[in-house]
Amino acid sequence: MKKKIVVVGNGMVGYKFCEKLISKDVSKSFDLVVFGEESRPAYDRVHLSEYFAGKTAEDLTMAPSSWYKENGITLYLSDPVVDINREEKMVRSHHGIVENYDYLVLATGSAAFVPPIPGVEKDGVFVYRTIEDLDLMQSHAKKAKKGAVIGGGLLGLEAAKALLDLGLEETHVIEFAPRLMPRQIDEAGSKTLQSKLEGLGLQIHLSKNTQEITGNGVIESMKFADGSVLEVDMLVISAGIKPRDEVAKIAGLEVGTRGGIIVNDKLQTSDPNIFAIGECALAHQMIYGLVAPGYEMAEVVATSIVGGEKEFKPFDMSTKLKLIGIDVASFGDAFIQEPNAQTIVFENTAKGIYKRINISNDGKYLLGGVLVGDAEQYNMLLQNTKNKTLLPADPEDLMLGSRGGAEQASSGVMALPDEALICSCEAVTKGNICHEIIENKVTTLDGIKKCTKAGTGCGGCVPMVKDLINETMKSQGVFVRNILCEHFDYTRQELFDLVKIKGFKTYDDVLDNLGKGDGCEVCKPAVASIIASLWNEMILEKNATVQDSNDRFLANIQKNGTYSVVPRIPGGEITPEKLIVIGQVALKYNLYTKITGGQRIDLFGAHVSDLPDIWEELVNAGFESGHAYGKSLRTVKSCVGSTWCRFGVQDAVSFSIEVEERYRGLRSPHKLKSAVSGCTRECAEAQSKDFGIIATEKGWNLYVCGNGGVKPRHAELLATDIDSATCLKYIDRFLMFYIKTAEPLTRTAPWLDKMEGGINYLKSVIIDDALGMNAQFEQEMQFLVETYKCEWKEVVTNPALRKRFTHFVNAPKMKDPYAKFEPMREQVKAAEWK
Amino acid sequence: MEVNHSITITTMIAEQTITWHVACSVEDIPENGGACALIENEQIAIYNFTRRGEWYATQNLCPHRQQMALSRGMIGSTGADNEPKVACPFHKKTFSLKSGECLTGDEYSIKTYPVKVENGQVFVGV
Ligand code: SRM
Ligand SMILES: Cc1cc2nc3c(=O)[nH]c(=O)nc-3n(C[C@H](O)[C@H](O)[C@H](O)COP(=O)(O)OP(=O)(O)OC[C@H]3O[C@@H](n4cnc5c(N)ncnc54)[C@H](O)[C@@H]3O)c2cc1C
Ligand code: SF4
Ligand code: FES
C-alpha cells in the first residue's frame, strides 16, 4: 500500500520538499498532499521585491499548478491546516478537508514579527512578506508621500528600497540598534553603508525606539522614546520574523520559548512521524531565516523518508544583500576579533567602500569578514572560508582583488576544490558544474541552470558559474568567443568585417553565406545594425522585418501598442513656429506631449496607421526623424553657451547643432548620446555622455565613454584644448572604432572597460594612430555623413512603405480597438497593463 | 470579403470543421515577417516565413502583458530541429509558431491557426 505524506505549507521550502521527494521517490511509493494557506502556488519570496520592478506573480512562481498535477500531488490552496490529530494521524483544514498521513511535514514558514506598539493596527501600516502585502502597499503608496520602515536589517532595507521605488518623496529607516544590519555587519561597515544609503535618498535613524503610532484610523505620525515625532503616511514593519508554530502548538509538539518548532538533527519534532523544515523549525536552537538552509532541510527529510541517511548540520549563514544597488555582504564569522583572530581592514570613505577580513592567528585560514560598497570578491572569500583554503602570503589581495596584474582575477575559481559548494541554495558543487561542462558539453549559463539548477535560487552565484564555464572551457583548450547567437559562429566584430569585405546588403545574404537556421531576435537586429552602419541605406527598403520592432515602425512602441513620435531638435534649439506645429499636430492626433530628458519633445499615443500622416505634417514643417527608436545617435544636448550666458567661453549651441547634424542617423551597436557645454560649469552634463565636449578658453576638451542610465559612468578625458575641426576628426575616429569593434548592445563605457589598456590605448589609437586606421575611419565616416537621409521623409513620400503602417492588413483605416487610453491631467495616458 | 467558403477536412485525429477565411493577399504580409488581420472579430497574426516557404498564423495577443503585438514581432527559429518562433516586441518572450508553446519558459501559450495560400490569396482556418 502507498504511504501518504502531508505537507503543511506551500512556501519555498515546502515546494522544494515536494520537488526533492518526487525526484527521489522513483518507485512512486508515496502519495503527496499539500495544504497551502496562500491563494497561489509557492513563489520565490527571495525575489519578492522584483514584483515592484515589473515581475508578475507568474514570473515568481516556483512551479505552476499543472506541475503538481503532472506529478500526482494533491494541492489545496487557500486552505490552511487548523488541527493535527496525532493519535489518529490526521489533519483537518479550515475548509474541513480531512487527510490521514503516515508522515507529516510542517513547512509553515514564518510571519513578520510585529512589535506590540500601540497603533500598529492603523491603516497604512504594512508588513513585507507576501504578494498580497505588496499589492496592498502598492495601492496605498499611490496617495502616500512620506514613508518609513521599522527595522534596519536585511529585509528592512529591502522594504525601504521598495518604498523608494514606489515613488515616495521621503523614506525613513528606523533602527532600534545603534547600527544597520546588526546581525551581519560591524560598526564601521554600518557607517559606510549608512552614507551610501543616504546617497540613495533614504533617511536613517539609529538607536530609535518607536513608542506609538498615531492617527485617526490612518497612520499620521510616529512617536519615539526620545520625544521626537516623525510625520508619515505609510509604514512598513520589518522588525524580524516569528516562526509559524501555532498548529504545532495546538498539536502539543514541543516549541521553543521564543517560538519555533523544536527538531533534532533529522528534523523530527517531538513526534517522530512529524518533521518541521524551513523557517518554522528551531534547529540547533536557532531559526535559519534564509532559503539555502531551508532547502538543505528539505533535502534531509526527503532523503530520510525514502530510506536514506542524512543529518542537518549547522549551516553557514553568509549573506549578500541583493538589489538595493549597494553591495553588502558578510560571511563566515564576521565579528570575531583580536585576540581570537587577526583582522585586516580596508576603507575608502570617498568611494564608500569598507572591507574587513578576519584571519586565524596563525595566518593560515580565512575565518570571515564584511564587505560594504564592493562585494565583488564575496564568492571567492566565502569559498576560501568554507573550504579552509590556505591563504596566500598577502591575504589582503583576496579582498582587494587584482591590483595591477591583469590575469589573476579569475584564476580563483579554478583553484577551488571539486567539493566547493558554488550554489548553496541548490547545493551544487564545482565538481557538478564542471562535469556538465566537460562531459555533457553544457557551456551556457542557461544550460547549466537547467541541468544543475545552480543559480536558480538567490542568483548570487551566477557570476561565479559564468567564470567557471569560461575558465573550464579555456582549460579544455577551447577558445571562448562571444559568438552572436546559435545562428552565427562569429563575434560581432568578425561579422562586421566579413559583411564589409563581401559587400552583403541584406540579412538573407548574410545568413545564407555566413550563418545557419532561420535567424532570431538576437542576430537579426545585430546584423541589420551592421548593414546600416556600413552602407547607410534606408533600413526599411531591403531589411524591414529584421529590424527590431521599434526600428521597423520608426517609432517606440508604448504600453498599449501605440507609438511615440520624437522629432529631432538639434541642440534643443527650436523656433516658436516649429513649437506651434508640434502643438497643432499633438492636438489633431490627441497625443500626450512631454519634454524629454534629452531636450526635445515626445508625442505619445500615436496609432500605427496615423504615423505617416503625423510625420508628413512634421516633415513639411521642416522636422526630421529624431531616431529615438534606433540604436543610433540620439541627442547632442547643449547649454546656452557664450551667445547669452555671462560665463560662456564658446558658442556651445552652434557647435552642438553641427555635431548633431553630422552624426544624425548613424547606426551603432547601442545608442549614442552627446553634449556640448559652454564652459566648465558643465550645464549640459557632457561628462555623462558617450562623447561630450566642454568649452575652454582655447577650444574644446573632448571626453569619451560616459553614460547615465543603469550604471552611470563619468566620461574620460581624451584630448584638451582642441579646435572644432580636430574635435570632429577625433569623434569620427572614435565612433568608427567603436562601431567596428563593440559587442552588440554595448554602450561605449562597458566597451572601454573591456578594452585592454583602457583609455591610454584608446588615446593611442585615436590620437597617435597606433593601428594606422585613422585615414580609413575618417573616410568611412565621411561616407556616412554624406549619405544621410531622413528615414521618415522617405516613408512619407513612398506609398509602398506607407502602406506598411497599418494595424489590420484587411482593414487599413481601422485602429486597434485594444489600444486603450485613460485621461490624466488634461491629457491621456496608456491604459495600465495587466 | 469576410467569409469565403466552408469545407470539411479530415485530419488524422478526428473530423473537424474548419471555416477558411480570406485574410489578405500574399503581398500584404511582408517577407519573413508578420501582419495582423481581423477575422470574425478576432485579431490574427499571419506570418510569411518566406525563407522556409511556410506560412503560419497565431493569435495577435501576447499573453504576457496582454498586448496586441505578436504580428509585429520578429520571426526566426531555434534549437536543433529549427523550431519556427516569433518574439513579442514588448519583452521578447518567444512562442513556437507550430505549437504556440512559450519557448522562454512561461506557463502560457498562444493559439495557432492553419493557413493556406491559393491564387495569391491567404486563407486562415478558424
Ligand atoms: C523619453 C525619455 C524620457 C523622458 O520622458 O524624458 C526616454 C525614454 C525612453 N528611454 Fe531613456 N529616455 C530619455 C532619456 C534618457 C536619458 C537622459 C539623457 O539622454 O540625457 C538617459 C540616461 C543617459 C544615458 O543614456 O546615458 C536614458 C537612459 C535609458 C536607458 C539606459 C541606458 C544605459 O546605457 O543604461 C534605456 C534602456 C536602453 O537603451 O537599453 C532607455 C530606454 C528608453 C526607452 C527607449 C524605453 C523603451 O524601449 O521604450 C524609452 C522610450 C521613449 C519613447 O517611447 O519615446 N533610456 N534615457 C528621454 C528621451 C530623450 C530624448 O529626447 O531622446
Ligand atoms: C522580502 C524578502 C526578501 C528575502 N530575501 C532573502 C534573501 O535574499 N536570501 C535568503 O536566503 N532569504 C531571503 N528571504 C527569506 C526567504 O524567503 C525564506 O527563508 C523562505 O521563504 C522560507 O521558506 P519557508 O517555506 O520556510 O517559508 P515561507 O516561504 O514563508 O512559506 C510558508 C508557507 O506556509 C503557509 N502556511 C503557514 N501556516 C500554514 C498552515 N497552517 N497551513 C497551510 N499553510 C500554512 C504560509 O502562508 C506560507 O505560504 C527573504 C524573505 C522576504 C520576505
Ligand atoms: S522613460 Fe526611461 S527611465 Fe522612464 S520608465 Fe521608460 S525606460 Fe525607464
Ligand atoms: S507583452 Fe509580449 S512579451 Fe511582454
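Which side chains meet in a salt bridge at 2.9 Å, N to O? Those of Lys92(B) and Asp548(A) do. A salt bridge here is a side-chain nitrogen of Lys or Arg within 4 Å of a carboxyl oxygen of Asp or Glu. The model is predicted: local features need pLDDT of at least 70, side-chain atom pairs count only at pLDDT 80 or more, and totals for chains, interfaces and linings use all residues. Residues are numbered from 1 along each chain as its sequence is written, chains are lettered from A and ligands numbered from 1 in the order in which they are written, and side-chain values use heavy atoms, without hydrogens and water.

Seven salt bridges are counted between chain B and chain A. Asp518(A) and Arg52(B) also pair in this way, at 2.5 Å, N to O. Asp518(A) lies in the loop between helix H16 (507–514) and helix H17 (523–535) of chain A, and Arg52(B) in the loop between S4 and strand S5 (54–59) of chain B, so the pair joins two chains. Helices (H or I, at least four residues) and strands (E, at least two) are DSSP runs, numbered from the N terminus. Over all chains, the structure holds 55 salt bridges.

The interface brings 48 residues of chain B into contact (heavy atoms within 4.5 Å) with 42 residues of chain A. About 3700 Å² is buried between the two chains, and carbon and sulfur atoms give 48% of this area. Buried area is the accessible area (1.4 Å probe) that two parts lose on being put together, summed over both.

Within chain A, helix H22 (residues 652–663) packs against helix H23 (residues 724–741) at an angle of about 35 degrees, with their axes 12 Å apart. Axes are lines fitted to C-alpha atoms, for helices over the stretch in contact, and angles run from 0 to 180 degrees between N-to-C directions. Phe655(A) and Val659(A) are among the H22(A) residues at this contact, and Leu728(A) and Ile731(A) among those of H23(A). The contact comprises seven nonpolar, one polar and three charged residues.

A cis peptide bond, with omega about 0 degrees, joins Glu338(A) and Pro339(A). Arg825(A), a residue other than glycine, has a positive phi near 40 degrees.

Definitions and conventions. Nonpolar A, V, L, I, M, F, W, Y, C, P; charged D, E, K, R; others polar.
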